[in-house]
Amino acid sequence: MSGGYTSIDNQKVSGSVPAVSDPGRIPVQFTDSGLQTFPPSGVQGKISGGAQPPRDADDSFSRPVGGSPRGSEESQGGGWLHKFTVAAYKPYFDVDTSDVLDRLKESLYPFRGTFTEKTATNPDLYGPFWICTTLIFVAASIGTFVTYIAHKLRDKEWNYDINLITWSAGVFYGYVTLVPLVLFVILKYFSAPSGLVQLFCLYGYSLFIFIPAMCLSVVPLEIFRWIIAGVAGFMSATFVALNLKAHITSAGESWFLIVASIFLLQLALSVVLKLYLFTVSV
């Protein structure tokens with residue numbers, strides 16, 4: 001036993017113990033994870049990471065008139081049936097409060113004519129929907145209040161008119177839907193650059209000026225109400241006309257007729273609102 005230990009010790013001292021070979025680096029492979037990378041690449045929307053910019057967004061309003069429209073010619077994935085899903089319209093409501101407020105402020109400065117350029121890449125339907133909805137209730141409530149005050153001042157019996165709500169809903173929802181549709185068809189006929197969603201957006205925000213105008217129409221002075229209706233109609237009509245003028249000029253000689261029709265139609269809306277809502281007969 002002792003002799004064995006002595007020989008081992010002698011081998012350690014003399015360095016005759018064979019060295020252990022280095023196995024080298026052992027490659028370690030991991031299976032691919034099913035988790036997605038965060039943050040996801042190509043995030044465009046605010047609602048979800050997968051939301052992409054609206055494909056109907058027409059960037060021709062932010063380019064020279066000679067440019068060709070892009071968004072209205074493209075088709076979304078999934079074919080035409082995709083248009084009947086909620087996901088197809090989610091990008092058009094993908095705006096922040098700051099975005100909506102900026103666009104509302106822009107609509108109050110009609111002579112700038114820069115609204116379509118600022119909304120060319122992301123037109124929204126959120127603002128137009130709530131503007132029209134607010135207008136319906138404001139028009140019905142203010143119109144009712146005006147008639148109530150007029151009857152009370154003359155000690156006459158007053159009855160609530162429920163038709164004000166249905167009439168207001170038909171006027172505002174119908175106007176902001178049908179007029180852009182007709183204008184879109186006309187512009188397509190003249191090969192002028194146009195985007196349907198952007199027209200909805202433009203006309204929706206153009207009605208915002210009527211909200212404060214209706215509130216001011218509570219003042220029981222007929223001449224004051226006519227002035228308010230005229231100023232609001234002029235600002236709204238100018239806002240729409242100037243934002244479309246530079247792009248309708250590509251329609252040829254008919255551009256002036258189209259712009260004039262847009263301007264007069266917007267003025268006619270303010271006159272209709274004044275005559276129906278704020279002309280009180282006791």
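A cavity here is a set of points, on a 1 Å grid over the protein atoms alone, where a 1.4 Å probe fits but cannot get out, and its lining residues have an atom within 4 Å of a point. The model is predicted, so local features need pLDDT of at least 70 and side-chain atom pairs pLDDT 80 or more, while totals for chains, interfaces and linings use all residues. Residues are numbered from 1 along each chain as its sequence is written, and side-chain values use heavy atoms, with hydrogens and water left out.

The count comes to one cavity of 30 Å³ or more. Phe-210, Met-214, Arg-225, Lys-274 and Phe-278 are among the lining residues. Helices H7 (210-216), H8 (222-248) and H9 (255-277) each supply at least two lining residues; helices are DSSP runs (H or I, at least four residues) numbered from the N terminus.

Now to the charged pairs. There are four salt bridges, each a side-chain nitrogen of Lys or Arg within 4 Å of a carboxyl oxygen of Asp or Glu. In one of them, Asp-124 pairs with Arg-103 at 2.3 Å, joining the loop between H3 (115-118) and H4 (126-153) to helix H2 (97-107) across 21 residues. Asp-124 is buried at 1% relative accessible area, and Arg-103 is buried at 7% (buried is under 20%, exposed over 50%, partly exposed in between; 1.4 Å probe, protein chains only).

Glu-106, Arg-112 and Lys-118 form a salt-bridge network. Glu-106 is buried at 5%, Arg-112 partly exposed at 48% and Lys-118 exposed at 53%.

Methods: 1 Å grid on protein atoms, 1.4 Å probe; cavity = no way out; pocket = protein on both sides within 12 Å on 5 of 7 lines; lining within 4 Å. Points joined across faces, edges and corners; volume = space filled by probe spheres on them.
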